[in-house]
Amino acid sequence: MGSPLSPVIANLFMEQFEERAIETSKHKPTTWFRYVDDTFVVWSAGMDKLNDFLRHLNSQHPSIQFTMETEKDQQLPFLDVLVRKRGNKLGHTVYRKPTHTDRYLHALSNHHQSQKYGVIRTLTERARRICEPENLQSELEHLRTAFEANGYSRRDIERSMCVRTPARKEIEERSTISQAYLPYIPRVTDRIGRILRRHDVRTIFKPTQKIHQIIGSVKDKRDPLSAAGVYRIPCSCGKVYIGTTKRSMGTRLKEHKASCRLGQTEKSAVAEHALSEGDHEINFEGCTLLASVNGFQNRLVREAIEIRKHSNNFNRKEETLSLNPIWNHIIRNTRVMPLDIKTPTGAERAPLPTATEVEQTTPPMPRYKYNLRTRIRQSTSRIRNGTTSEEARHSC
Ligand SMILES: [Zn+2]
């Protein structure tokens with residue numbers, strides 16, 4: 001189901017499947033609703049025939065097998081709706097699993113207020129859509145208690161739960177000329193967001209770091225030699241080679257070794273360097289995978305970045321991507337992965353350039369004479385007037 005097209009194709013298949021299955025069944029359901037792989041069926045022909053119907057469904061295709069859950073205490077959940085039987089009618093309210101703990105985004109969490117109030121608004125809106133009128137008040141009261149338990153004040157809850165009129169929504173949407181996505185940093189990006197709002201630019205705040213980013217992956221680590229990506233081969237003279245491969249790093253290293261042995265300098269820059277004047281001993285054992293990157297263009301860009309970071313490289317310039325100098329500022333502020341390679345005599349190799357040394361080799365960034373507020377005002381007026389970026393550059 002990795003492709004964005006998969007759900008569409010699966011749905012087309014299921015539509016054809018259910019049409020054929022219901023058409024060929026001896027007894028048919030009174031009602032059949034399906035959402036992706038969940039179906040809600042009203043059956044009026046008795047339990048035995050219902051089991052026959054399930055067997056009939058499961059005989060249609062070996063990969064499509066249904067399981068069945070029937071009503072208990074005259075109620076049955078379907079998605080997040082609890083359907084209740086009342087005489088000849090069906091009532092409905094919000095369904096929560098028995099294990100649900102009513103834990104939502106806490107009021108003290110490091111998120112922008114709009115995200116916190118968004119949780120209240122979304123759950124209130126869901127209650128209004130799903131609940132029938134007689135269940136709505138009890139559901140809203142349940143939500144109020146849950147929000148209070150999650151640290152929200154009564155005032156914030158009532159303000160967020162109030163019905164938003166379509167007119168207000170429309171005015172907001174009509175006046176917005178653009179959207180900006182910013183990481184939420186308290187007292188920094190929310191101030192920028194306020195300035196942007198004055199110019200009708202809506203800001204969407206994103207959390208800076210999530211727990212899974214702190215914990216990292218729990219999967220077993222792959223052998224670096226089996227990965228594709230960008231790698232670094234050091235030489236005894238202190239220089240390094242930055243390479244990229246779409247196959248495994250191990251396979252590419254074997255090719256470099258063979259080129260060195262056979263003197264194929266045209267095939268490998270490593271071989272050319274190893275056979276050049278001076279004492280060069282290529283340390284294949286000290287080879288490092290700098291980044292596991294998939295995709296041809298991504299690998300080329302990453303290789304160019306690593307070449308810029310390692311100014312002591314012996315790469316052939318004509319074989320690598322030329323990187324726009326606009327990236328120098330960011331690249332010079334990123335750390336170069338340290339090398340830990342010893343010579344046969346135990347002496348340290350020449351160290352890689354430090355961030356300061358890299359900085360000296362890159363031109364300084366131009367300083368803007370306008371402050372942030374002025375620049376935002378200029379950018380938004382350009383968007384309004386439809387000025388192109390080229391024209392905008394000349395106007396600065
Ligand atoms: Zn060398």
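Analyst: Welcome! This is a predicted model.

User: Which residues of helix 3 are buried?

Analyst: Here is the general idea. An α-helix has 3.6 residues a turn, so residues three or four places apart point the same way. In this structure, the buried residues of helix 3 are Lys116, Ile120, Leu123, Thr124 and Ala127. They cover an arc of only 95° around the axis, which puts them on the same side of helix 3.

User: What covers the buried residues of helix 3?

Analyst: The cover includes strand 5, helix 4 (133–149) and helix 5 (154–161).

User: How many Å should helix 3 span?

Analyst: Count 1.5 Å a residue: the 18 residues of helix 3 (residues 113–130) should span 26 Å, and the end C-alpha atoms are 26 Å apart, so the two agree.

User: Now to strand 5. How many bridges join strand 4 to strand 5?

Analyst: Six bridges do, and strand 5 (residues 89–94) runs antiparallel to strand 4. For a pair to look at, find Val81, which stands opposite Val94 in strand 5. These strands form a hairpin with two residues between them, and Gly87 in the turn has a positive phi of about 65°.

User: In which sense do strand 3 and strand 4 pair?

Analyst: Strand 3 (residues 75–78) and strand 4 (residues 81–86) are antiparallel, with four bridges. Here Phe78 is the residue opposite Val81. This hairpin has two residues between its strands, and Leu79 in the turn has a positive phi of about 55°.

Terms used. Residues are numbered from 1 along each chain as its sequence is written. This is a predicted model: local features need pLDDT of at least 70, side-chain atom pairs count only at pLDDT 80 or more; totals for chains, interfaces and linings use all residues. Two strands pair if DSSP finds at least two bridges between them. The expected span of a helix is 1.5 Å times one less than its number of residues. A residue is buried if 20 or more other C-beta atoms lie within 10 Å of its own, exposed if 12 or fewer, and partly exposed in between; C-beta atoms are placed from the backbone. The arc is that of the directions from the helix axis to the C-beta atoms. Two residues are in contact if their C-beta atoms, placed from the backbone, lie within 7 Å.
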